[in-house]
Amino acid sequence: PMYRFHVSENAVSGSKVGTVFAVDADVGSNAVIKYSIARDDRGLVPFDVNATSGKIFTAGILDRERTSEYNLTILANNLTSLSTYVRIQIQDSNDNQPKFIVSLYTVNVSESARVGSTIVQLRAVDLDEGSNGDIIYTIVDGNTEKRFSITPDSGILTVSGSLDRERSVLSACCIGKRSGYPVATEQGQCERNTIGFQRRIARI
């Protein structure tokens with residue numbers, strides 16, 4: 001038989017994952033079973049098993065983005081050894097910071113560009129899974145005159161006011177969402193991309 005368990009990648013060392021069971025028809029000391037991880041797996045996986053209870057627990061750092069699943073062989077030892085297989089899936093947590101694909105965008109923008117004109121589409125990625133990997137874009141600095149706007153879901157930067165020769169600097173920030181809600185920037189989930197606008201040339 002195969003046991004299937006799951007555990008969050010941010011589980012602390014010692015967290016319970018699941019329990020395997022074996023029975024012995026003998027009585028007394030002859031019925032005592034000792035559990036262990038097979039030698040081929042021992043030391044290679046961030047898990048361990050309690051020798052008497054069969055409880056599997058974390059024994060190291062988990063990172064779903066590196067390894068999303070582990071397959072273990074657990075031995076039940078008495079006078080002989082029996083084996084069972086355990087598959088542990090690592091569940092995602094929102095632990096990755098979104099990153100811009102390009103650190104500096106360079107585009108040409110006419111001073112006479114109309115309101116609503118697209119300047120550039122910023123792109124960022126987040127290695128987390130599902131809604132944890134969703135990204136929203138926002139302008140966080142330098143846009144006091146509201147000359148520019150950005151679409152939160154797509155990262156499309158557009159003109160929203162008249163442009164002139166005066167240089168203005170702003171930053172675009174991508175923020176990962178946890179269960180549909182933005183992660184606070186003070187938790188390190190924000191990366192800024194400096195944007196400088198000059199006459200006819202916008203450096204992003």
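## Pairing of strands 4 and 5

In this predicted model, F47 has T58 of strand 5 as its bridge partner. Strand 4 and strand 5 run antiparallel to one another and are joined over 3 bridges.

The pairing belongs to an open sheet of 3 strands, arranged in the order 2-5-4 with antiparallel pairing. Strand 2 (16-19) and strand 4 (47-49) form the edges, each pairing on one side only. From one strand to the next, the twist averages 20 degrees.

G60 is located in the loop that links strand 5 (55-58) with strand 6 (69-77).

When residues up to four places away in sequence are set aside, G60 touches S13 and P46. G60 and G14 are 46 residues apart along the chain, yet 8.3 Å separates their C-alpha atoms.

## A nonpolar surface patch

I101, V102 and V125 together make a nonpolar surface patch of about 240 Å². One of these residues, V102, lies in the loop between strand 8 (99-100) and strand 9 (106-108).

With a relative accessible area of 34%, V102 is classed as partly exposed.

Key: Residues are numbered from 1 along each chain as its sequence is written. This is a predicted model: local features need pLDDT of at least 70, side-chain atom pairs count only at pLDDT 80 or more; totals for chains, interfaces and linings use all residues. Side-chain values use heavy atoms; hydrogens and water are left out. Helices (H or I, at least four residues) and strands (E, at least two) are DSSP runs, numbered from the N terminus. Contact means heavy atoms within 4.5 Å. Patches are made of residues with over 30% relative accessible area and no salt bridge: like charges are joined within 9 Å, nonpolar side chains (Val, Leu, Ile, Met, Phe, Trp, Tyr) within 5 Å. Accessible areas come from the Shrake-Rupley method with a 1.4 Å probe; for residues, only the protein chains shown count as cover. A salt bridge is a side-chain nitrogen of Lys or Arg within 4 Å of a carboxyl oxygen of Asp or Glu. Buried means under 20% relative accessible area, exposed over 50%, partly exposed in between (1.4 Å probe, protein chains only). Two strands pair if DSSP finds at least two bridges between them. Axes are lines fitted to C-alpha atoms, for helices over the stretch in contact, and angles run from 0 to 180 degrees between N-to-C directions.
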